[in-house]
Every structure is written in C-alpha cells, then in structure tokens.
Amino acid sequence: MLTETTGFVLREVTYKESDRMLTLLTEKLGKVTVKAQGALRKNSKFGAATQQLTYSEFALREFNGRLTVAEASVKEPFSGIRMDIEKLSLASYFSECISTLCPDNEPVPELLQLLLNSVYALSMDLYSNSLVKAAFELRLASLSGYCPQLDGCEKCGRQVEGAYLLSLPMGAIFCPDCCPSAEAVRLDADALRAARHIISAPAKRMFPTPPTEDSLHRLQKAAERYFLYHMDTDFSTLDYYKSLLKLKNLNDKHEL
C-alpha cells in the first residue's frame, strides 16, 4: 500500500553504503522515519529529493510496520540556503527545533507551514537572518503552548510608551515599575510591535516590517532567550550558527 504525501527532510543519515535513513515531517503522516534505499547511488531516481532540508513529493510504502521510499521528486530545493553557510546552518537549526518538538506520527500542519515559510524566507533572502530567526523562535514557542502575553503590563494593565520587560518565567510583559522577575529582557516599542505581529498574524504574513537595527537586536535577544527558556533543551545547530557569527565578527574586525 502506497501513501502519497509531501514532506520536508528534517534529517538524513547514511545507512550501509548507499541508503539513507530519513526523518520526514510530512503533511499526512506527521513526523516519520523512512528508509530511502539506494538514494546515494549515482543513478538513484530520488537522490536529490531525499537530501536534508528539501521539500519533496513522496510515495511511501509500508511493510511490516516500516516505511520506505517508493518514489520521490523535488517540490522545493531551497537552493538559496545551500550557497550560504550561515543560512544553511540556520535552516538546520530550524529543522532540529521542529524535529525535537514534533510528536511522531501526528500531523502538525501549523509546524510544517512555519518551517516551510521560514526556510523559504531564508532561501529567497526576503528578510535578514536575524529577523527570520526571531520570528521562527517566537512563533514556535507560541505554537508549542508558550505564547507570551504582550497586550499590556501584566500587573497594572497600563499601556506604557517606550520600554517593557518580558519576564521569561511568567511569559508576559511588565512595565519597569512592576516586573517581578530578574529573568527578563527589555523590549522597546518597535521590538514589541514586531513581536506582537509575529505571534498574531496569519501564518503566511508572520514576518513583520523590519524594526530598526537596535530594536531588531532587542527582538532577537528576547526571542532566543524566551524560546530556549521554555524549551529547556540545547540545540547543537544553534551553537554552530553562533560560532559562525563569532568568526564572521572576528574577520570583520581584522579587516578594519
């Protein structure tokens, strides 16, 4: 019996000499592990479609409770991320996050769409890497049950001009006089506007108008710290991405 579905290749591992074991996030089956027999051979019909970070059409065959790839064709290769090591590493981070948080064998269309929108934005260079990363983290935290409350000060209810503090443990914003937590990050008005858009806009329009450079820095810091606080796990791909940024900054200083 064949199941036809689209799917994003979250992970690929070489198996034996010419096979790939894939972790797919599919439209119909959710996250599944699949064997792609002969995918590494030069004449393989679905070698390209089974590469990590590729969105493909699959025909999956089930036998004895295991899935194998019967047919596959590329739907979206995301070529833009493969020519830029920073974009590639960031897309790998997105993939690791989704793979870690997704349940097995349960369709999660909102997470698949978030992943596709984010990797597409990177590939097409629609927004800065920093903005795409912040939007992905805030949106994923919200979809995972940790949507921050950003309407007004959680304690006094005031709408304050200027800066608010986002409490990491409480998942809410407070004006500077009311914040009860030392674990908080500051959001100025522009960063807060962008954060509100990210968590409330329709999925296809989740990316906000880019904030100013300083506000984007605040947004990025808040999104990452909030996401990691509530996910309570480490992501090796994030460490690698940060190491690339650190190396780039060092090289830029040397050039000056």
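Where is L126 found? L126 sits in the loop between α2 (109-123) and α3 (129-146). Notes on this and other sites follow.

1. Basis. This is a predicted model, in which local features need pLDDT of at least 70, side-chain atom pairs count only at pLDDT 80 or more, and totals for chains, interfaces and linings use all residues. Residues are numbered from 1 along each chain as its sequence is written, and side-chain values use heavy atoms, with hydrogens and water left out.

2. Element names. Helices (H or I, at least four residues) and strands (E, at least two) are DSSP runs, numbered from the N terminus. Two strands pair if DSSP finds at least two bridges between them.

3. The surface patch. L126 belongs to a nonpolar patch on the surface, together with Y120 and M124. The accessible area of the patch is about 290 Å². Areas come from the Shrake-Rupley method with a 1.4 Å probe; for residues, only the protein chains shown count as cover. Patch residues have over 30% relative accessible area and no salt bridge; like charges are joined within 9 Å, nonpolar side chains (Val, Leu, Ile, Met, Phe, Trp, Tyr) within 5 Å. L126 itself has a relative accessible area of 46%, so it is partly exposed. The classes are buried (under 20% relative accessible area), exposed (over 50%) and partly exposed in between, with a 1.4 Å probe and protein chains only.

4. Strand β4 and its partners. Strand β4 (residues 55-63) runs antiparallel to β1 (residues 2-15), and seven bridges join them. T6 has E57 of β4 as its bridge partner. Strand β5 (residues 66-76) is also antiparallel to β4, with nine bridges. Here F58 stands opposite A72 in β5. The hairpin of β4 and β5 has two residues between the strands, and N64 takes a positive phi near 55°.

5. S56. This serine is in strand β4. S56 is buried, because its relative accessible area is 0%. Its side chain reaches the backbone oxygen of A49 at 2.8 Å. That is a polar contact, defined as a pair of N or O atoms within 3.5 Å; within protein, one must be able to donate a hydrogen and the other to accept it, and residues adjacent in sequence count only if both atoms are side-chain atoms.

6. Aromatic pairs. The structure holds six aromatic pairs. One of them, F94 with F136, is stacked: 4.1 Å centre to centre, 25° between the planes. Rings of Phe, Tyr and Trp (its six-membered ring) pair if their centres lie within 6.5 Å; planes under 30 degrees apart count as stacked, over 60 as edge-to-face and the rest as tilted. F94 and F136 also belong to one aromatic cluster with Y93, F227 and F235.

7. E137 and K133 form one, with the closest N and O atoms 3.1 Å apart. Why are E137 and K133 separated by about one helical turn? Because they are four residues apart in helix α3. E137 is buried, with a relative accessible area of 0%. K133 is buried too, at 1%.

8. E12 bridges to R20, and the closest N and O atoms are 3.0 Å apart. E12 has 26% relative accessibility, so it counts as partly exposed, whereas R20 is buried at 9%. D190 bridges to R193 at 2.9 Å between the closest N and O atoms. Both lie in helix α4 (residues 189-200), three residues apart, about one turn of the helix. R193 counts as partly exposed because its relative accessibility is 34%.

9. S215 lies in helix α5 (residues 213-231). S215 counts as buried, at 3% relative accessibility. Its C-alpha atom is separated by 9.9 Å from that of R186, 29 residues apart along the chain. P202 is in the loop between α4 and α5. P202 has a relative accessible area of 45%, so it is partly exposed. The C-alpha atoms of P202 and A134 are separated by 16 Å, with the residues 68 apart along the chain.

Methods:
A salt bridge is a side-chain nitrogen of Lys or Arg within 4 Å of a carboxyl oxygen of Asp or Glu.
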